[in-house]
Amino acid sequence: MYTFRGPVPHRGRTRLGWLPIYIVPQTRLPANLGGLSVCGGYTASRLDLHLRDYIPDHRGRGPCMVINDGHLRATYPEDFDYYFTATVLHELAHLLMQPWLYDERATATPEALRREARRVADMVATETPEDGHPPFEGHGAQFIRVALHLRHRAEMCGTWLAPNDLCAGHRYSLSHARRYQVALADEPERLATMSIAKIITTKPPPEFAQLWADDVHAHFQSLSRFQRSHSMKATALLDKIAGRQQERRQAREADFRRLVVQVADGQEPDAETIEHVLGGNQKTIDDLREAVELLQHRRDLRRTVDNSPNLGEERQRIEKEMAEANRIYNEANAKHDRTVDPLHARLRELRTLVSEAEQARRELWDTCRDEELVERLDKVSRPLTEQSRRLGAMETEARNLRNEAKYEREQAGHAERKPDADAHTEEAARCDTEAKQLERELPALRRQVADLERQGAAIRQQMLVP
Ligand SMILES: [Zn+2]
């Protein structure tokens, strides 16, 4: 049940009074005037003019409504009269809420009115609640209040109608009409004689206003929940898209890494693959070169890392061998020290003892006061010193002569002229002869010296006696 709200009527009757109300069944209208409409009924500000040809008992201007009797009969075959009456009351409530009951302008030509009639019927037939408009728009608190007042007045005339068949309820996203009726309390009885136009200028009971406010609040709450769930769906969808994009990016990156490996391994990828993979990753051939070089460098590094355990093993083996050698060396060293140290000590001791003995011996000689022994030693010492000096000189002279002879013979061998050679040979022979004479005398002299030494030693031996 819709109200066609076309151009706002600029002027017209505001009170119903004794005006005629035209109630036109849809089935009486031709197909081009909303024959396919399934809405319960509608009104429009100049509907009485549009439908004048189909109103047999026309008595001048007045509010007009179309009731879709065909639809009501098909939907409620057994309760047609009831729903027809309910629909009329619903549309009447709309009519009575208008500032003017109809638009008084009637200057349009018959042809223009016919066009307007068709347009209105078409729009009513196709009208659906607009997106973003609450389902109770046009059927709010004021409409419900008017409908409930009309319901009461109809009841007073002997026609009972269920409140929910007129207004409010689930189809408008509102509480059941019975609750509005309870909230309105006895107002329809109290104001039964007041005009509807007057009633809607007064405040409804607070319970009624509260119920309406709660309904509107609840509706927008559920709406925002619905929108939230929608926005959560959008978020989930975006997350899914983002996830898919990430997967695709990872796949592209994997393609690039594979390409790098391929090139580094010396395999030649076809040009199309290179172009596809580089393009997909927004990379250039230089990027590829750099990545390949990096991979090769990293492989080198890895080889170095992998080789290190072997080097470690060898190092450990060497260190172990060195440790063993050092152990043996240290052990031998210790053994050597253990052996040598006491020997060294003993040797030092012996040297000291020898030196002490020598000193003691000298001192014994120096301190000997035996005049005879001292005189005898003196008699031996003087010729011993003289003969020893002579023996030494003769030995040195003989050695020198032999060396000179040897030298002259060598010179003779090297001489270029014979006279020179002969002279050298002659000189060599003279040296040899002289040396031979000295050497003949030496043994006797040596025996003499040795004899003197023996005598001296014997005397010194005696001088050691304290
Ligand atoms: Zn309506």
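Which residues of helix 12 are buried? They are Leu377, Val380, Leu401, Ala405 and Glu408, where a residue is called buried if 20 or more other C-beta atoms lie within 10 Å of its own, exposed if 12 or fewer do, and partly exposed in between, with C-beta atoms placed from the backbone. The structure shown is a predicted model, in which local features need pLDDT of at least 70, side-chain atom pairs count only at pLDDT 80 or more, and totals for chains, interfaces and linings use all residues. Residues are numbered from 1 along each chain as its sequence is written.

The overall form may be considered next. The protein has 13 helices and 4 strands; these are DSSP runs numbered from the N terminus, with helices (H or I) of at least four residues and strands (E) of at least two. The radius of gyration of the protein is 74 Å, well over the 23 Å that the globule rule gives for 466 residues, so the protein is more spread out than a compact globule. This radius is taken over C-alpha atoms, and the globule rule is 2.2 Å times the number of residues to the power 0.38. Along the principal axes, the C-alpha atoms fill a box of roughly 200 × 75 × 40 Å. Of the 466 residues, 19% count as buried.

Helix 12 covers residues 371-414, and its 44 residues should span 64 Å at 1.5 Å a residue; the C-alpha atoms at its ends are 64 Å apart, which agrees. The expected span is 1.5 Å times one less than the number of residues. The buried residues of helix 12 pack against helix 13 (418-463).

Attention now turns to the nonpolar cores. In soluble globular proteins, nonpolar side chains tend to be buried together. A nonpolar core is a set of buried Ala, Val, Leu, Ile, Met, Phe, Trp, Tyr and Cys residues joined through C-beta atoms within 7 Å. The largest one here has 44 residues, and those with the most contacts inside it include Leu89, Ile144, Cys167 and Ala168. Among the elements that give two or more residues to this core are strand 2 (22-25), strand 4 (64-67), helix 3 (80-97) and helix 5 (141-156). Helix 3 supplies the largest share, 7 residues. A second, separate core of 5 residues includes Val380, Val449, Leu452 and Ile459.

Within the largest core, Cys167 may be examined individually. Leaving aside neighbours within four places in sequence, Cys167 is in contact with His139, Phe143, Ile144, Ala147 and Ala177; two residues are in contact if their C-beta atoms, placed from the backbone, lie within 7 Å. Ala168 lies in the loop between helix 5 and helix 6. Ala168 counts as buried because it has 28 C-beta neighbours inside 10 Å, and it has a positive phi of about 55 degrees although it is not a glycine. Ser173 is found in the loop between helix 5 and helix 6, with a positive phi of about 60 degrees although it is not a glycine. With 17 other C-beta atoms within 10 Å, Ser173 is partly exposed.

Strand 2 runs parallel to strand 4, and 4 bridges join them; two strands pair if DSSP finds at least two bridges between them. Val24 has Val66 of strand 4 as its bridge partner. Tyr22 and Val24 form the covered face of strand 2, whereas Ile23 and Pro25 form the uncovered one.
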